[in-house]
Amino acid sequence: GVSRTLPIENGLIIDTGGASMELILVDEGQAEEVVSLPIGSVLLSQQYHLGDVIDPADLYDAVVKVDQVLSSQRWLNRARHTRVVALGGSNRALAKLFRWKLASSAATVQPVHGLKMQTQDAFALMHSLVAATKEERAAMRGISAARADVIVGGLLPLMALLRQLSMKEVMFSNNGLREGLLFEYLDHQTDATK
């Protein structure tokens, strides 16, 4: 779904779900490495108590856990300084928060798909999310009340990758597995009619 709708010849695709995060290294348009890691938004948020007011020690422990899990993936260094495309609920919520920050009015809100954010903007938004309570996060435009208690845990893997791999920006995708399966189905239908 990502590779068919966004320009990613070389880079990293990150899809953060509730229980896990999937990473795909793309090299010359092909998936070279594919891995699922147990560091999802709900899992991290519950295990490290990141749902409401965040204790610095809990946040530190969660960051260390994410760093440990990612450091076992030595191939990630091949993605250094390339492009990162993020999808999944928490990553999209970050994009929604950012697009409302950029918009001068509701008419100028950019779509999430293809939206680019500089790494320093991602870090600044993460800072504001960590400093906020669950109620304050839910009141931020772009963050749903259902996502307010898991967004911090859900963004830790993306923030770690941006730091560790010296990424200058992140691009967001609305398309993922479902859309990829649809493209595959349509390709098969087209091939069958030839």
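Modeller: Searching the whole structure, which is a predicted model, turns up three salt bridges. To count, a side-chain nitrogen of Lys or Arg must be within 4 Å of a carboxyl oxygen of Asp or Glu. Side chains of opposite charge can pair when their charged atoms come close. Residue numbers start from 1 along each chain as its sequence is written, and side-chain values use heavy atoms, with hydrogens and water left out. Local features need pLDDT of at least 70 and side-chain atom pairs pLDDT 80 or more, while totals for chains, interfaces and linings use all residues.

Let us begin with Glu-33, which forms a salt bridge with Arg-78; their closest N and O atoms are 3.4 Å apart. Glu-33 belongs to strand 3 (residues 30-37), while Arg-78 is in the loop between helix 2 (56-71) and strand 4 (83-87), so this pair ties together parts that are 45 residues apart in sequence. Helices and strands here are DSSP runs numbered from the N terminus (H or I, at least four residues, for a helix; E, at least two, for a strand). Glu-33 is partly exposed at a relative accessible area of 26%, and Arg-78 is partly exposed too, at 45%. On this scale, buried means under 20% relative accessible area, exposed means over 50%, and partly exposed is in between (1.4 Å probe, protein chains only).

Next comes the salt bridge of Arg-163 with Asp-67, where the closest N and O atoms are 3.4 Å apart. Distant parts of the chain are linked by this pair: Arg-163 sits in helix 6 (residues 151-164) and Asp-67 in helix 2, 96 residues apart. The relative accessible area of Arg-163 is 41%, which makes this residue partly exposed. Asp-67, at 25%, is partly exposed as well.

The remaining salt bridge joins Arg-83 to Glu-169, with 4.0 Å between the closest N and O atoms. Arg-83 is in strand 4 and Glu-169 in strand 6 (residues 169-172), so here again distant parts of the chain are linked, 86 residues apart. Both partners are partly exposed: Arg-83 has a relative accessible area of 24%, and Glu-169 has 22%.

Now step back to the whole chain. The protein has seven helices and six strands, and read from the N terminus on, they follow the order β-β-β-α-α-β-α-β-α-α-α-β-α. Of its 194 residues, 42% count as buried.

Helix 3 (residues 89-102) shows some of that buried part. Its 14 residues reach 20 Å from the first C-alpha to the last, close to the 20 Å expected at 1.5 Å a residue; the expected span is 1.5 Å times one less than the number of residues. The buried residues of helix 3 include Ala-93, Leu-94, Leu-97 and Phe-98, and Arg-92 and Arg-99 are also among them.

Loops can hold buried residues here as well. Ala-132, found in the loop between helix 4 (119-131) and helix 5 (134-138), is buried with a relative accessible area of 7%. Its C-alpha is separated by 8.2 Å from that of Ile-54, although the two residues are 78 apart along the chain.
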